[in-house]
Amino acid sequence: MHKIRKTDLFISIAIAELVGLLSGFFAGNSSAVYQSLNQPPLSPPGWVFPVVWTALYACMGTAAYFIYRRGEEKAAPFVQVRRALILYAVQLAVNFLWSIVFFGMRQYGWAIAVIVILDLLVIATLLCFAHISQAAAWLMLPYLVWILFATYLNVGVYLLN
């Protein structure tokens with residue numbers, strides 16, 4: 001990869017972070033909802049979530065930027081880059097939806113369906129990214145691990161509440 005375009009990188013990260021902020025806004029008081037739930041073992045304290053999500057959205061935005069730049073540099077076929085970025089956008093939309101279903105609507109069973117779809121989309125995105133940029137794939141890996149953990153938490157909340 002050549003010179004980093006700071007403005008493009010900033011925009012890519014800002015888009016991912018904005019999705020998280022808007023999702024949190026539309027989900028309502030997620031902290032209060034989280035505290036009111038019976039939690040499964042290994043549930044972290046509520047303050048962990050915004051810290052982790054901020055870092056994960058930054059990693060996701062950086063990964064998407066790497067894919068975009070590989071396409072712009074013609075270092076990867078346009079069709080492959082387009083497919084990867086479309087998958088990225090779709091998983092970001094499903095990510096946005098999950099918080100609203102889980103926290104805003106308190107539909108824990110439906111939230112499981114949404115997060116399982118998210119799990120599959122993130123795996124597909126990561127694999128597409130890996131064919132274009134190993135760095136981008138590595139940046140998506142912590143996100144995949146976290147949402148798999150979130151899937152466990154979602155199932156636990158569903159069973160306990």
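Which residues in H1 meet which residues in H3? The answer is set out below, after a few words on the model.

## About the model

The structure is a predicted model, in which local features need pLDDT of at least 70 and side-chain atom pairs count only at pLDDT 80 or more, while totals for chains, interfaces and linings use all residues. Residues are numbered from 1 along each chain as its sequence is written, and side-chain values use heavy atoms, with hydrogens and water left out.

## Helix H1 against helix H3

In H1, Asp8, Leu9, Ser12, Ile13, Ala16, Glu17 and Gly20 meet Thr54, Tyr57, Ala58, Gly61, Thr62, Ala64, Tyr65 and Tyr68 in H3, where contact means heavy atoms within 4.5 Å. The residues of this contact of H1 with H3 divide into 8 nonpolar, 5 polar and 2 charged (Ala, Val, Leu, Ile, Met, Phe, Trp, Tyr, Cys and Pro count as nonpolar, Asp, Glu, Lys and Arg as charged, and the others, Gly among them, as polar). Helices here are DSSP runs of H or I with at least four residues, numbered from the N terminus.

Two packed helices are described by the angle between their axes and the distance between the axes. For H1 and H3 the angle is about 135 degrees and the axes are 8 Å apart; axes are lines fitted to C-alpha atoms, for helices over the stretch in contact, and angles run from 0 to 180 degrees between N-to-C directions. That angle makes H1 oblique to H3, given that angles under 35 degrees count as roughly parallel, over 145 as roughly antiparallel, 65 to 115 as roughly perpendicular and the rest as oblique.

## Helix H1 against helix H4

The axes of H1 (residues 6–27) and H4 (residues 78–104) come within 8 Å and cross at roughly 20 degrees, and the two helices are therefore roughly parallel to each other. Ile15, Ala16, Val19, Leu22, Ser23, Phe26 and Ala27 in H1 meet a set of H4 residues that includes Tyr88, Leu92, Phe96 and Phe103. The residues of this contact of H1 with H4 divide into 11 nonpolar, 4 polar and no charged.

Leu22, which lies in H1, is partly exposed, with a relative accessible area of 38% (buried means under 20%, exposed over 50%, and partly exposed in between, with a 1.4 Å probe and protein chains only).

## The nonpolar core

A nonpolar core is a set of buried Ala, Val, Leu, Ile, Met, Phe, Trp, Tyr and Cys residues joined through side-chain atoms within 4.5 Å. Of the 50 residues in the largest such core, Trp53, Tyr88, Phe102, Phe129, Met140 and Tyr143 touch the most other members. H1, H2 (30–36), H3 (48–72), H4, H5 (108–132) and H6 (134–160) each supply at least two residues of this core.

Leaving aside neighbours within four places in sequence, Phe102 is in contact with Leu37, Gln107, Tyr108, Ala111, Asn154 and Val157. Cys128 is found in H5 and counts as buried at 16% relative accessibility; its C-alpha atom is separated by 9.4 Å from that of Tyr88, 40 residues apart along the chain.

## Two loop residues

Lys74, in the loop between H3 and H4, has a positive phi of about 60 degrees although it is not a glycine, and at 72% relative accessibility Lys74 counts as exposed. Arg106, in the loop between H4 and H5, has a positive phi near 55 degrees, again in a residue other than glycine, and at 47% relative accessibility Arg106 counts as partly exposed.
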